[in-house]
Amino acid sequence: MRISLKVAYEGTNYHGWQVQPNGITIESVLNQTLSDLLGEKIEVIGASRTDAGVHSMGNVAVFDTDTRIPAEKISYALNQRLPDDIVVQESREAAADFHPRHCESRKTYEYRILNRRFRDPLRRRDTYFYYYDLNVDKMQEAAQYLVGEHDFKSFCSIHACVETTVRTVHELNVEKKGDIISIRICGNGFLYHMVRIVAGTLVQVGSGVIVPEQMKEILERKDRSAAGPTAPACGLTMLGIVY
């Protein structure tokens, strides 16, 4: 049977999701732990191959197994064996042909910026510390230029290998509560480093380096050098996926 997992993790200590030859990853830990638990070789397929240092509250992974353990009980057994920074929130049986990357979905990410005078040691792992004041209203204004279907080549790493750089952003909102600025983006899929480049560009808008109207020009240029820097991975969290 095919099992679907909803996986939360604090990504600081990992080299991203995808198996790497020279580093510990979320996927490699899940593969090994599941193989030990079920007594068969397990290789999971993940919905989102998050970068090193990126966190998740609800990435989706599937695997096939011959186990007799009820699907909903696998999460309990798995969590007893996993490290503290990886927790399976749910396990359930999925359709035999369900593939987490090929099915239509809406993915939601949030990028968090700690915008205050001094660092907060309790938020060092899940926020990007930025000292200078940021204009959240201008960031929100700029963000709206990215909503809809666009060619996001300017917001994609030059190292990405994809057939098309066209994606649809359903929602993109910037708000501040206390010292935390949150950039929440929902779309049908994201390019390599896209959310972090969007965040880095919006920081430039908030700091006055570029004006909100320039976002339209940045999109139209379809050139990575037109957009802002790639924001640090620590501020990014995948909130979840809806199929």
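Predicted model: local features only at pLDDT ≥ 70, side-chain atom pairs only at ≥ 80, totals over all residues.

Colleague: Is S182 buried or exposed?

Modeller: S182 counts as buried, because its relative accessibility is 13% and the limit for buried is under 20%.

Colleague: Which residues does S182 touch, apart from those up to four places away in sequence?

Modeller: S182 touches E110, Y111 and R112, and also N173, V174 and E175. One of these, Y111, belongs to an aromatic cluster as well.

Colleague: Which residues form that cluster?

Modeller: The cluster is formed by Y111, Y128, Y130, Y131 and Y132.

Colleague: How is the pair of Y131 and Y132 arranged, and how many aromatic pairs does the structure hold?

Modeller: The structure holds eight aromatic pairs. In the pair of Y131 and Y132, the centres are 5.2 Å apart and the planes are at 80°, an edge-to-face arrangement.

Colleague: How accessible are Y131 and Y132?

Modeller: Y131 counts as partly exposed, at 45% relative accessibility. Y132 counts as exposed, at 56%, because the limit for exposed is over 50%.

Colleague: What about the pair of Y9 and W17: how are the rings placed?

Modeller: The ring centres of Y9 and W17 are 6.0 Å apart and the planes are at 40°, so the pair is tilted. Both Y9 and W17 are buried.

Colleague: Which residues does E27 contact, leaving aside its neighbours within four places in sequence?

Modeller: E27 is in contact with W17, Q18, V19 and V44. E27 lies in helix α1 and is buried, with a relative accessible area of 12%.

Colleague: How far is E27 from I183?

Modeller: The C-alpha atoms of E27 and I183 are separated by 27 Å, and the two residues are 156 residues apart along the chain.

Colleague: Staying with α1, how does this helix pack with α2?

Modeller: Helix α1 (residues 26-38) and helix α2 (residues 71-79) pack at an angle of about 110°, with their axes 10 Å apart. That makes α1 roughly perpendicular to α2.

Colleague: Which residues meet there, and of what class are they?

Modeller: T33, L34 and L37 of α1 meet I74, A77 and L78 of α2. By class, this contact of α1 with α2 has five nonpolar residues, one polar residue and no charged residues.

Colleague: And how do α3 and α4 pack?

Modeller: Helix α3 (residues 136-143) and helix α4 (residues 194-206) pack at about 130°, with their axes 8 Å apart. That makes α3 oblique to α4. The crossing of α3 and α4 is right-handed.

Colleague: Which residues make the contact of α3 with α4?

Modeller: On α3 the contact is made by K138, M139, A142 and A143, and on α4 by L202, V203, V205 and G206. By class, the contact of α3 with α4 has six nonpolar, one polar and one charged residues.

Colleague: Where is D133, and is D133 buried or exposed?

Modeller: D133 is found in the loop between β6 (128-130) and α3. D133 counts as exposed, at 68% relative accessibility.

Colleague: What does D133 touch, not counting residues up to four places away in sequence?

Modeller: D133 touches N115, G206 and S207. As noted, G206 also takes part in the contact of α3 with α4.

Colleague: How far is D133 from G46?

Modeller: D133 and G46 are 37 Å apart in space, C-alpha to C-alpha, and 87 residues apart in sequence.

Colleague: Let us turn to the backbone. What is the phi of H193, and where is H193 placed?

Modeller: Phi of H193 is near 70°, a positive value in a residue other than glycine. H193 is in the loop between β9 and α4, and H193 is buried, with a relative accessible area of 19%.

Colleague: And what is the phi of K222?

Modeller: Phi of K222 is near 50°, again a positive value in a residue other than glycine. K222 is in the loop between α5 (214-221) and β10 (236-242). K222 counts as partly exposed, at 43% relative accessibility.

How values were computed:
Residues numbered from 1 in each chain as written. Heavy atoms only, no water. Axes fitted to C-alpha atoms, helices over the stretch in contact; angles between N-to-C directions. Helix = DSSP H or I, 4+ residues; strand = E, 2+ residues; numbered from the N terminus. Parallel < 35°, antiparallel > 145°, perpendicular 65-115°, else oblique. Left-handed = near helix turned anticlockwise from the far one by under 90°. Contact = heavy atoms within 4.5 Å. Nonpolar A, V, L, I, M, F, W, Y, C, P; charged D, E, K, R; others polar. Phe/Tyr/Trp six-rings, centres within 6.5 Å; stacked < 30°, edge-to-face > 60°. Buried < 20%, exposed > 50% of the residue type's maximum accessible area, 1.4 Å probe, protein only.
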